[in-house]
Amino acid sequence: MSTKPELVKLIDTTLCTACRGCQVACKQWNEMPGLRTKQVGTYQNPPDLQWNTWTLMRFQEYRDDDGKFQWLFRKDGCMHCTDAACVKVCPSGALYHTPLKTVGIRRDKCIGCKECIAACPFDVPRHDAATDKVYKCDLCYSRIEQSVPPACVKSCITKALTIGPKDAMIKKAYARVAELGGDANVYGDKFVGGTHVIYVLQYKPEVYDELPVNPKVPLSVIVWKDLLKPLSLLTAGAAAAGVFIHYITHGPKTPHDDGQEQKGGE
Amino acid sequence: MKKGYVQVTDSYERIIHWTMAISCLLLCLTGLGMMFQSFNFIGYLFGGLKNLKLVHNFTGLIFAVSLLMAIRMWWKEAGVFVFPEDMDWIRAAGGYLWHVDKVPETGKYNPGQKAFFLVVAVFGVIMIITGLIMWFPTALPVALVRWMYPLHVLGFVAIFTFFFVHLYLGTIGNPGSVQAMFSGWMDKKVLTMLHPKWVKEMEHEGKLVAWGEEKKSDAHGHSA
Amino acid sequence: MNISRRGFLKMSGAVGGGVALSSLGFNLGPARAYADELNKMNRVRIAKQSTTICCYCSCGCGLVCSTDKATNKIINIEGDADHPINEGALCAKGAGFFQMTEANEHRLRKVLYRGPGGTAWEEKDWEWALPRMARLIKDTRDKNFIKRNAKGELVNRCEAIGHYGSSNVDNEECWLITTVARALGVVYMDHQARVCHSPSVGALAESFGRGSMTNHYIDMQNADVILIMGSNMAENHPMGFRWVTKAQERGAKVIHVDPRYTRTSARCDFHVPLRSGTDIAFLGGMISYIIENKKYFKEYVLNYTHASFIVDESFYFKDGLFSGYDAKKRKYSKDTWVYEYDANGVPRRDMTLTHPRTVFQIMRKHYSRYTLDKVSSITGVSKENLLKVYEIYSATGVPDKAGTECYALGWTQHTVGVENIRAMTLVQMLLGNVGIAGGGINAMRGEPNVQGSTDHAILYHILPGYLKTPPASLDTLDKYLKKYTPVSHDPKSANYYSNYPKFMVSLLKAWFDKAGTKDNDFGYSWLPKMDDGKHYSTMHMFDRMYEGKIKGFFCIGADNAVSSPNAGKVRKGLEKLDWLIGENIFDNETYQFWRAPGVDTKNIKTEVFLLPASASMEKEGSISNSGRWVQWKEKACDGPDQCIPVGEIEIKIMQAVKDLYAKEGGVHPEPILNLYWDYLDKDGHFSATKTAQRINGVFLEDTVIEDKAKGTKVVFKKGQLVPGFGNLQADGKTACGNWCISGSYTADGINKMKSRGKEDPTGLGLFPNWSFAWPVGRRILYNRCSVDLNGKPYNPKRNLLEWKDGKWVGDVPDGPWPPQAEKEGKYPFIMQRDGLGAFFGQGMADGPLPEHYEPLEGPLTKNPFSSQLINPAIEIFEGEMDKIERASEKFPYVITTYSCTEHWCSGALTRWQSWLLEAQPEQYIEMSDVLAKEKSIKNGERVKVSSVRGSVTAVAMVTQRLKPFTIEGKTVHQVGMPFNYGWLFPKDTKDDTTNFLTPTVGCANTFCPEYKAFMVNVEKL
């Protein structure tokens, strides 16, 4: 195992039966509790990703333009971006790129600053007030690093979830889309440097609840991390250097020695 | 203290200044610890990065209070430019950068000091607002929250940069001036050099408090 | 056990695109010593691994439990990647299996007791509880024992003790339960199979000879067309659906016919909504379509079914009634439902199928009434949709195509439950889809071991191995055997049940061993007898309980107060008990009936014992999945605290009762004292192995088995295990607890149920070396139908079986005889007296051909097919709490009830599990947006749902997935509710069971309650 392949998890939404094996298997493996919820008129529960729910089955009733009804299921969770905004903003290194190029999380390092929550274009990380830490899927890093599939993938009944080397999975996704035809599309390989979780969608991305059509690392994060962060050191350094030079060239300003000041003005 | 010294600040001013200065420094330090992973080691000073975050957040509150009080206190003196005198001073760069035969006279705060105050006031307020939102990021729409982070850093860039200049000019760049924020007394000569107009005003209004003036015993003298 | 260490967590199967990551498998090499320092993956790797089988639906998925060696506690449970059915995958319930371990704070840990008038549980122990329970059992039995019935016939029964459950315990435990109940003389004994798949047994045994699922889950991948009707498969048999999607991947069409658009519909090629309770109309139309359009597989129909048999002249069908109906008794005399025989006693046949009294022509005439217009008007299915389904499905009526049907409780839980399924058997036989790979009728059982609990007959009407419970009129073994051993004069008919005496005598020997001799009919007279024509099913039992006639009640692994129909009546009945003994892993509404809302706790005299049982993975034993795979489970760890396996509880209770009878004597002590009761291991604990061997069968004496045809002689020693039911004897030389399961051990004692071989020589997914499948390892029943008369496969692409060089190659053939065309050849349906598939159901209570009748409570006042509105042969309960209100404005909506993926049955196991409860937190009712608009109900609002029997509250789930039907020109709304909730838990809702609404009525043949179609009203709260 000297070279680790870059892994991609494929979610073929057209095969999913929304049995929620993945949702529970995730909790089982990661030892996350179940919390009390309410029935609010949908099968989707918890209503959204939560600190204890890293993989969530979304249920959506949809009627297409031809009047054909379809109950859409989408497993939501971390997309494991190559260009991961959360990793960019994480101050403590809790969020990091694993050798498999997925986005891991070292919870002991998390300081609960929630910067990743605001930065994530997919609205994935969740904060728990009790532990003051952020939680999200780490694609079962302790498993995949030992070539064992993530809990969700292993549990998947219809093989809607599969995992494998990046190129092969992307190829597989496109083959499936070609087979499905229509609006079917591959979601994930073309933005944020390519995600390590990709979808096969039956309809255009805009049809799906809570799925950004064109996710990007937010401009604010780029301004912040790529522009202002280096700038801050630069300007601070420049200021420090400036005063130093001023001191050694102009010297301090004291009464009675205007002459010296003149000298330094050259 | 010595003869020839005059009182330039009262203790209230000094307490606020130092509260703000220390909290700001601490914020810069802790902020740096979170801003750059290479500075994460600063966290060790606080028993971990998480404590560092807490120190940063709560120090922010102290800074916020002191900044607001400072603004209230100094706004009239340092927050408003007086033209055309200030413009003359700016054109001459206060005599710091090139030879100026006669530096335009300024009041208690020269435009450089005013600029620094304004930077601290404006960016400080930005820091407080953005900081609070960053502390509770889930309370507002994410599109808005996202811009708080670069704004916070922008504030840092400004304040941190000016900090070096302020440190220099308030200490070794202007020997004698640092006393203003420690003892509150300054050599009248230095003060007259730096803020001639203010000295005149105070003298004119009879507000100038000089060391041992009632006793009139000590002769003028220097202690270099 | 030979579990592949590499296989446990391996990547294969999960890796897509045909690429495999290099797998480390299970290299235990440098595992570090201190588990605390390790991440979970490493802790799991160094743990003890044991395999088990999931304890929910009947898919039979494999799981691996990892038990920490230091603490002996389970730390992780996930799918068994080596298991051929689930290949490591699990649905929500299976994935949450861990929450059944003692890590769940709600698990029962101590013996709980509630005395008369008590308001709370008291903690007790076994030493206290066992003698007390034995005393109550003995006193109740002695006081209420019935030696002779009103007619003076010897019946030896005790009607004052009822017994319910369980399909959730292991085979060995089921067999002990059935044994205890019979020894006590209990006749009111039933379990989940009654309310679940009892009609499947009735229907499939009538048509094919055996009552079980014909094929198995993996085989669904071989189908060309899959009709899912009467099932919400993706939700309730999720792993079965894995193989449906596999077929889809290979190009199969999948059709879902169901009142609701569900998670199943979402993955099918199309969904056809039909009104609850109109399946026979739908299928009748299909039968007519197949016949009139000559879509049937003629060679198959001629050779393998009795389509050509000629029915007696006196038989007729008129206006919804078959000949022989007695309106007063609501019963048929079946005297006219017979065939014509020739002089040799062989049925007369017309191989041209043109004789008007051939079964074929009678069937044709019967279903010619099911025109598209009429079917559409009754079912609410558009004619286009009807034709679409008929066309696609009947296209499988050719030799090289296979169509399969998957159903579950959507068909069984009706007053026409058996006939729903029978209708499909007709379709399948016409199309030649029975006995082939990718075909058959897949009766998807609802509980983990309901196949096993049915095999072992925790049921009033049968004994283990589908032998009949003796009625009072058959007072001697001789009379009994004569009546139930069928006789055929057709030399081509194997008539396997001619071996009935061997099975029955071996069963009696398993029970009474040395005490049962030829002279005392092997103890036959000690068994409890039913009154002829009387029934003792679940609903009858609660009816009697409500009348106060049942004093003591065993409720094992069940929650009748939530799951039984007309739950209000059930709960009132429980209040009248003297004692209740519960055995379970969690508390539930039945055990706490005395504390239910509105109950006068202090005035309830019932003594209640709640005995803590080990969970499924905390004990060894076998369970049988729907495809008849009898799979052995390993024990991962001990149950917490006082928990012991149900088998051990049964042994201990019975031992205490035995001791009392030995000491004090009592009424009819013979079956108790003479009962062979050696099922403990040397440490005094329940031995699943000993019990399993008794079930398999053992030679009680040295026996020589001679095969005259082969000219061989085999000698078996006393004490050796019987290698298969072919070796059972009718003279008392063998003891066998259940002939169906005989052969689960080899004569040398190798347990085939433990087999984990992954070989698949046919490539059809039979996995002949994985576990044991009854009978004798056969994976697809009636498989000799897959070949032509000369033994050549009809579909060479899916070669299930072939006669090659004088031998059968492929699956274990259904009967060893040569192909039908050869001299010694036999017909393929060997368990049928006549050896052929039966279109004409001579044994049915409600008619030999399925006919559409409306549900007991329906929206119509007139049956468009006849003047018989409801099934004329159902038993009507007429107690004060058995109210009916049909076609009424007060209750205008058709409702159906069901379970969801995340909960299981009454929810008595799953509601205590936070992962599952989180996903489906409380009671809801699904209704169409059209109805919701009409009633001004918004999604998520609380509503009251009421029937004439009671009302419940729920959250409205307004959805486009349900649509109003147009029935007989009128708009009829359909709603649906799960029955997974009860008052006990979760505690923050007041919602109670949906079964307050359901009627006490059942299938005419098997008394499976009509949960699936009745009438309610919905009001905004």
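**Three chains, seen from chain A**

Tutor: Helix 1 of chain A is followed by A:Glu31, whose phi is positive, near 55 degrees. Helices (H or I, at least four residues) and strands (E, at least two) are DSSP runs, numbered from the N terminus. This is a predicted model, where local features need pLDDT of at least 70, side-chain atom pairs count only at pLDDT 80 or more, and totals for chains, interfaces and linings use all residues. Residues are numbered from 1 along each chain as its sequence is written, while chains are lettered from A and ligands numbered from 1 in the order in which they are written.

Student: Helix 1 of chain A, then: how many of its residues are buried?

Tutor: 9 of the 10, so helix 1 of chain A is mostly covered. A residue is buried if 20 or more other C-beta atoms lie within 10 Å of its own, exposed if 12 or fewer, and partly exposed in between, with C-beta atoms placed from the backbone. Among the buried residues of helix 1 of chain A are A:Cys22, A:Cys26, A:Lys27 and A:Trp29.

Student: And what share of chain A as a whole counts as buried?

Tutor: Of its 266 residues, 51%.

Student: What does the secondary structure of chain A come to?

Tutor: Chain A has 8 helices and 10 strands. Its radius of gyration is 25 Å, well over the 18 Å that the globule rule gives for 266 residues, so chain A is more spread out than a compact globule. That radius is taken over C-alpha atoms, and the rule is 2.2 Å times the number of residues to the power 0.38. The C-alpha trace of chain A spans about 90 × 45 × 40 Å along its principal axes.

Student: Which strand does strand 1 of chain A join?

Tutor: Strand 1 (residues 7-12) of chain A is joined by 5 bridges to strand 8 of chain A, and the two run antiparallel. Two strands pair if DSSP finds at least two bridges between them. A:Ile11 stands opposite A:Leu161 in strand 8 of chain A.

Student: Why call strand 8 of chain A largely enclosed?

Tutor: Because 4 of the 5 residues of strand 8 of chain A are buried, it is largely enclosed by the rest of the structure.

Student: Changing topic. Which chains share the most contacts?

Tutor: Chains A and C, of the 2 pairs of chains in contact. Two residues are in contact if their C-beta atoms, placed from the backbone, lie within 7 Å. Between these chains, 53 residues of chain A are in contact with 55 residues of chain C. Helix 1 of chain A gives the most to the side of chain A that touches chain C, with 6 residues. By class, that side has 25 nonpolar, 18 polar and 10 charged residues. Ala, Val, Leu, Ile, Met, Phe, Trp, Tyr, Cys and Pro count as nonpolar, Asp, Glu, Lys and Arg as charged, and the others, Gly among them, as polar.

Student: How many residues does the contact take from chain A and from chain B?

Tutor: 33 from chain A and 34 from chain B. Helix 3 (115-119), helix 7 (219-249) and helix 8 (258-264) of chain A are the elements that give two or more residues to the side of chain A that touches chain B. Helix 7 of chain A gives the most, with 13 residues.

Student: How far apart do the closest C-alpha atoms of chain B and chain C lie?

Tutor: 21 Å, and no contact joins chain B and chain C.
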